[in-house]
2 protein chains.
Amino acid sequence: MNTSSTPAKLKLEVCLTPALIPLYTVQDYIVVIIDIFRATSSICYGIENGAEAIIPVALVEECAAYREKGTEYLLAAERDGKVVEGFDFGNSPFSYTAEKVSGKTVVLTTTNGTHALHLSRAAKKVVIGSFLNLTSLSNWLKQQQDNVLLVCAGWKNNFNIEDTVFAGAVVDQLAGDAYQLDDAAIAAGDMYQLGKSNIPAYLAKTSHSERLKKLKIEEDIAFCLQQDLTTAIPVLVGEKLVKL
Amino acid sequence: MNTSSTPAKLKLEVCLTPALIPLYTVQDYIVVIIDIFRATSSICYGIENGAEAIIPVALVEECAAYREKGTEYLLAAERDGKVVEGFDFGNSPFSYTAEKVSGKTVVLTTTNGTHALHLSRAAKKVVIGSFLNLTSLSNWLKQQQDNVLLVCAGWKNNFNIEDTVFAGAVVDQLAGDAYQLDDAAIAAGDMYQLGKSNIPAYLAKTSHSERLKKLKIEEDIAFCLQQDLTTAIPVLVGEKLVKL
């Protein structure tokens, strides 16, 4: 809500969980989907490494259905930290190297990320963000001169810290006179300021990080928190995420 | 979610907006309703000052209906910062002095607060929090040795900073080995730490504060941010809030 008496500014807002997406008129925004551990990090890395497209689906069964569509699909599905039998790999970003994904279409099973994408598809554009492409994404957003809604995929429709802190990192790069921030954007920016000197340490206290540790994917976590390893910006076209 | 391997702790969680209440099994918690500007502040002040009960309703029409029930009801309704014609007073905490409310039942129109209360009524207990009764409330919560869910009434079902910062103040008083915090409680606690040296200044940058300034109720805001002015804890019994 723009309440200032100066001319209307562009909106820079943060939707803290997919459950809150219906509160926004997504048609008015460029939407950035954020699912740091690990879907949007793996997507950014895969598109950077030459994957022709990445198709996010919610269920292992939907993923498996692509097997019949042809051998050009790589199927990624994991449960409890292990690759599901019959699938090509799991959700680790280390599976998304050029050697493995270049020229391929990857079908990725991701519950929270797919949910957020599905609810946002009416937006002007839907793009994918992670610490890996932070600066490239932020620079592109600034160039668009449009309203930006940063959508945190969260955890089972609820808030999580890692997605919010990343939203705060984007707010930090974009914030300035051009944008009117909502309360969630202000709060996310503050959390990023608190954590930015050591993001891994700041996130180590979250419940999600604890859960991921049990899955023995600490290396994935460290990988997902690297800043500006990539420059590609994945964008949603139909059902597929492709390079912008 | 309790993910530690030590024995199960009590839960201390923050529900950032009423839209997220359905994600919780409220039956498992004592719920604290938080609507700092101004409903829960006025309620704490009114109960402290001897109001027999306060009945929160969502609509001005519901409030008006109490006029026919008898002269013992005081009706509080306001739109755009002005008392609605035919009502006894508005939503300012300054209307809830002992002189005005002692021995009376006040019917209070409050959209966000009533919504949060209604969705929480299946909880073990529903109590009311504000900076006015912060320490008294926190001490009582500690004594209960039970799960605590701090519900931010927010703004039109979305996040706001002032309710979250107050939730963080309760987290600050309760946090310790006894409780397992969720991500929202951790984040709220961090925001409180950022703002606690000067809460009014920290909240001055929020969108809601800007809106309230336009209503010329800066004095109400300052009043609502006073810590420990009261000790009464309002509790929901049926449709009424009464002194615990």
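Modeller: B:Asn147 sits in the loop between H5 and strand S9 (148-152) of chain B. Helices (H or I, at least four residues) and strands (E, at least two) are DSSP runs, numbered from the N terminus. This is a predicted model, in which local features need pLDDT of at least 70 and side-chain atom pairs count only at pLDDT 80 or more, while totals for chains, interfaces and linings use all residues. Residues are numbered from 1 along each chain as its sequence is written, chains are lettered from A and ligands numbered from 1 in the order in which they are written, and side-chain values use heavy atoms, with hydrogens and water left out.

With a relative accessible area of 14%, B:Asn147 is buried; buried means under 20% relative accessible area, exposed over 50%, and partly exposed in between (1.4 Å probe, protein chains only). Not counting residues up to four places away in sequence, B:Asn147 touches B:Leu10, B:Lys11, B:Asp28, B:Tyr29 and B:Ile30. Contact here means heavy atoms within 4.5 Å. The side chain of B:Asn147 also reaches the backbone oxygen of B:Asp28, at 3.0 Å. B:Asn91 is 56 residues from B:Asn147 in sequence, and their C-alpha atoms are 31 Å apart.

Another asparagine, B:Asn133, is in the loop between strand S8 (125-129) and helix H5 (134-144) of chain B. Its relative accessible area is 0%, so B:Asn133 is buried. A polar atom of the B:Asn133 side chain lies 3.0 Å from the backbone nitrogen of B:Ser130, and one lies 3.2 Å from the backbone oxygen of B:Ala232. Leaving aside neighbours within four places in sequence, the contacts of B:Asn133 include B:Cys44, B:Ile128 and B:Asp228.

B:Ser41, in helix H1 (residues 39-48) of chain B, is buried at 0% relative accessibility. Beyond four places in sequence, B:Ser41 is in contact with B:Asp35, B:Ile36, B:Ser130, B:Leu132 and B:Cys224.

Next, the cysteines. Over all chains, the structure holds zero disulfides, a disulfide being a pair of cysteine sulfur atoms within 2.5 Å. A:Cys44 is in no disulfide, and the nearest cysteine sulfur, that of A:Cys224, is 9.8 Å away. A:Cys44 counts as buried, at 0% relative accessibility. B:Cys63 is buried as well, with a relative accessible area of 0%. The closest cysteine sulfur to that of B:Cys63 is in B:Cys224, 18 Å away, which is too far for a bond.

Last comes the meeting of the two chains. There, 32 residues of chain A are in contact with 32 residues of chain B. Between them the chains bury about 2600 Å², 62% of it on carbon and sulfur atoms; buried area is the accessible area (1.4 Å probe) that two parts lose on being put together, summed over both. Two salt bridges are counted between chain A and chain B, a salt bridge being a side-chain nitrogen of Lys or Arg within 4 Å of a carboxyl oxygen of Asp or Glu. B:Asp190 forms a salt bridge with A:Lys205, with the closest N and O atoms 2.9 Å apart. On the side of chain A that touches chain B, helix H6 (161-174), helix H7 (183-195) and helix H9 (207-214) of chain A each supply at least two residues. H7(A) gives the largest share of that side, seven residues.

Terms used: Polar contact = N/O pair within 3.5 Å; in protein donor to acceptor, adjacent residues only side chain to side chain.
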